[in-house]
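We will go stop by stop, selecting one thing at a time.

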Amino acid sequence: MSPSIIKCKVMIRMHDMSTKVAMWQQGICPNILKKLKSQVNSSAYCHAISCGRDTFEVQHNDHKWTVDLEIHLRCSTMIISGHYWQLAGLPCCHAISCIYYKTNKLDDYIASCFTPVEGIQNWPTSQMAGPLPPKTLKMPGRPKKNRGEGNLMRSQRTRECQR
Ligand SMILES: [Zn+2]
């Protein structure tokens, strides 16, 4: 594939991606929004009861779950299905029913990694010292031989002497 064809493909891809980004209506990625919508639809079948201090008991079908919105942002379903909320950064249907019980601000409980990020020029500068490279460790075993060009020249010279 010639470089001009690759250049054209990259240009078309960049244009497609920029038009897709321009169509975003919310500050969350569309794929994540699709996952969130399915959880919101499931939350219609959850019934949340407040236990005080942002803890809830949620009844979903025949099961009951506990949800903690304030401190841990977790639902007791994580015991069975893994830490979905903590791993995915998206609240599960039980947590969504509690969030709607408390407020209508679902965006506050979605991980910030799903929102667009500004370029590196706009990042705030830190007052902390920059990271340092790790110290070099002397590994066990015999050190490697240097097989560069200098050694090759020396071996050729010895061959000439033997003739
Ligand atoms: Zn849950």
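**Stop 1: the whole chain**

Show the protein as a cartoon: it has six helices and four strands. Helices (H or I, at least four residues) and strands (E, at least two) are DSSP runs, numbered from the N terminus. Along the sequence, the pattern reads α-α-β-β-β-β-α-α-α-α.

This is a predicted model: local features need pLDDT of at least 70, side-chain atom pairs count only at pLDDT 80 or more, and totals for chains, interfaces and linings use all residues. Residues are numbered from 1 along each chain as its sequence is written.

Now colour by pLDDT, the predictor's confidence in each residue, from 0 to 100. The mean for the protein is 81, and 82% of its residues reach 70 or more. Select helix α1 (residues 3–22): among the elements, α1 has the highest mean pLDDT, 91. Then select helix α3 (residues 78–81), which has the lowest, 52.

How much of the protein is buried? A residue is buried if 20 or more other C-beta atoms lie within 10 Å of its own, exposed if 12 or fewer, and partly exposed in between; the C-beta atoms are placed from the backbone. Buried residues make up 14% of the 163 residues.

Next, contacts. Two residues are in contact if their C-beta atoms, placed from the backbone, lie within 7 Å. Of the contacts with a separation of 6 or more, 44% are between residues 24 or more positions apart.

**Stop 2: the core**

Select Ala-48, Phe-56, Val-58, Val-67, Ala-95, Cys-98 and Ile-99. These have the most contacts inside the largest nonpolar core, which has 16 residues. A nonpolar core is a set of buried Ala, Val, Leu, Ile, Met, Phe, Trp, Tyr and Cys residues joined through C-beta atoms within 7 Å. Which element gives the most? It is α5, with five residues. In soluble globular proteins, nonpolar side chains tend to be buried together.

**Stop 3: Phe-56**

Zoom in on Phe-56, in strand β2. Is Phe-56 buried or exposed? Phe-56 is buried, because 24 other C-beta atoms lie within 10 Å. Leaving aside neighbours up to four places away in sequence, Phe-56 touches Ala-48, Ile-49, Ser-50, Cys-51, Val-67, Cys-98 and Tyr-101. Now pick the C-alpha atoms of Phe-56 and His-94. They are separated by 9.3 Å, and the two residues are 38 apart along the chain.

**Stop 4**

**Stop 4: two loops**

Go to Arg-53, in the loop between β1 and β2. Arg-53 is not a glycine, yet its phi is positive, about 50 degrees. Arg-53 is exposed, with 9 other C-beta atoms within 10 Å.

Finish at Asn-61, in the loop between β2 and β3. Its phi is also positive, near 55 degrees, in a residue other than glycine. Asn-61 is exposed, with 7 other C-beta atoms within 10 Å.
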